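I opened this notebook to keep track of what I looked up, one topic at a time. Each entry below says what I searched for and what I found.

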Amino acid sequence: MKRLLLIPILLLTSCSFAEKDLSQRVELWNGIKAGINIEELKKVLGGDTSCNQVTDWFDKPIDGEFICWRKYPEVSVGNEKGEVGVSIKNNIVNEIWITFNLQSKCLENNETIRYGDQNNPCFIALERRISKSIENAKKILSAKYGEIVQVPSLFNDDKIYYGWISEGKIIRIRRPDLGVWSIFYSVNESPL
């Protein structure tokens with residue numbers, strides 16, 4: 001009787017390893033696959049890449065977690081240039097993003113923008129530019145990955161997010177801060 005119970009458990013375990021192995025072969029962006037380590041990442045990503053260990057609230061390093069950035073050369077999407085960031089958990093690549101920080105356009109003119117500055121000319125121009133940049137990115141991503149669909153949240157919240165699902169990955173556009181927007185690439189872990 002005990003032998004019969006062990007067989008399904010072993011089958012479930014081997015299936016989860018196979019699924020995990022498949023998800024680690026997903027190409028997230030530009031030749032970078034989920035599951036590679038920092039050394040492999042630096043070889044593929046190239047350029048001026050630096051990695052910093054992630055810390056907790058008490059500045060204690062979290063084992064196996066890093067954030068890597070390639071500042072130069074920047075990546076072009078439409079008319080904007082951005083920096084590539086990579087999240088590493090358990091010592092392997094888990095997601096990639098390209099961040100476009102357009103705040104500097106206002107800062108060049110010594111203007112500080114805040115959320116209450118909706119009538120500020122620089123704020124208005126910045127919002128127009130970001131909207132146009134995101135629309136250009138949507139066209140480029142839709143041409144490559146198909147129609148925009150509802151995708152799972154990055155933050156386990158109840159909000160509805162939209163993006164693209166393709167070849168085992170999810171691509172999302174996100175605006176994390178004023179004057180900043182990003183394209184996120186992560187493994188599609190949804191069973192559907």
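**Entry 1: charged pairs**

I began with Lys138 and Glu135, which both lie in helix 4, 3 residues apart, about one turn of the helix. Helices here are DSSP runs of H or I with at least four residues, strands are DSSP runs of E with at least two, and both are numbered from the N terminus. An α-helix has 3.6 residues a turn, so residues three or four places apart point the same way. I noted that Lys138 forms a salt bridge with Glu135, with 3.5 Å between the closest N and O atoms; the term stands for a side-chain nitrogen of Lys or Arg within 4 Å of a carboxyl oxygen of Asp or Glu.

Before going on I wrote down that this is a predicted model, in which local features need pLDDT of at least 70 and side-chain atom pairs count only at pLDDT 80 or more, while totals for chains, interfaces and linings use all residues. I also wrote down that residues are numbered from 1 along each chain as its sequence is written, and that side-chain values use heavy atoms, with hydrogens and water left out.

How many salt bridges does a search of the whole structure find? The search gives 3. In one of them Arg129 meets Glu80, and their closest N and O atoms are 2.7 Å apart. Arg129 belongs to helix 4 (residues 121-145) and Glu80 to strand 5 (residues 80-89), so this pair ties together parts that are 49 residues apart in sequence.

Arg129 counts as partly exposed because its relative accessibility is 30%, whereas Glu80 counts as buried at 4%.

Arg175 and Glu127 also form a salt bridge, at 2.9 Å from N to O. Arg175 lies in strand 9 (residues 169-177) and Glu127 in helix 4, so the pair ties together parts that are 48 residues apart in sequence. Arg175 is partly exposed at 36% relative accessibility, and Glu127 is partly exposed at 21%.

**Entry 2: helix 4**

Helix 4 has 25 residues and should span 36 Å, and its end C-alpha atoms are 36 Å apart, which agrees. Its buried residues include Cys122, Leu126, Ile130, Ile134 and Leu141. After helix 4 comes Gly146, whose phi is positive, near 95 degrees.

**Entry 3: the sheet and what lies across it**

In what order do the strands of the open sheet run? I found 8 strands in the order 3-4-5-6-10-9-8-7, with antiparallel pairing, where two strands pair if DSSP finds at least two bridges between them. Strand 3 (48-55) and strand 7 (149-151) are the edge strands, each pairing on one side only. Strand 9 is joined to strand 10 (residues 180-187) by 7 bridges, and these two run antiparallel.

Helix 4 lies across strands 4, 5, 8, 9 and 10 and runs at about 175 degrees to strand 9. Contact here means heavy atoms within 4.5 Å, and angles run from 0 to 180 degrees between N-to-C directions, with axes as lines fitted to C-alpha atoms, for helices over the stretch in contact. Helix 2 (residues 38-45) lies across strands 3, 4, 5 and 6, running at about 165 degrees to strand 5.

**Entry 4: aromatic rings**

My search of the whole structure for aromatic pairs found 3. Rings of Phe, Tyr and Trp (its six-membered ring) pair if their centres lie within 6.5 Å, and planes under 30 degrees apart count as stacked, over 60 as edge-to-face and the rest as tilted. Trp69 and Trp97 are edge-to-face, at 5.7 Å centre to centre with 80 degrees between the planes. Trp69 lies in strand 4 and Trp97 in strand 6, so the pair ties together parts that are 28 residues apart in sequence. Trp97 is buried at 9% relative accessible area, while Trp69 is partly exposed at 24%. Phe100 and Trp181 are stacked, 4.3 Å centre to centre with 20 degrees between the planes.

Conventions. Buried means under 20% relative accessible area, exposed over 50%, partly exposed in between (1.4 Å probe, protein chains only). The expected span of a helix is 1.5 Å times one less than its number of residues.
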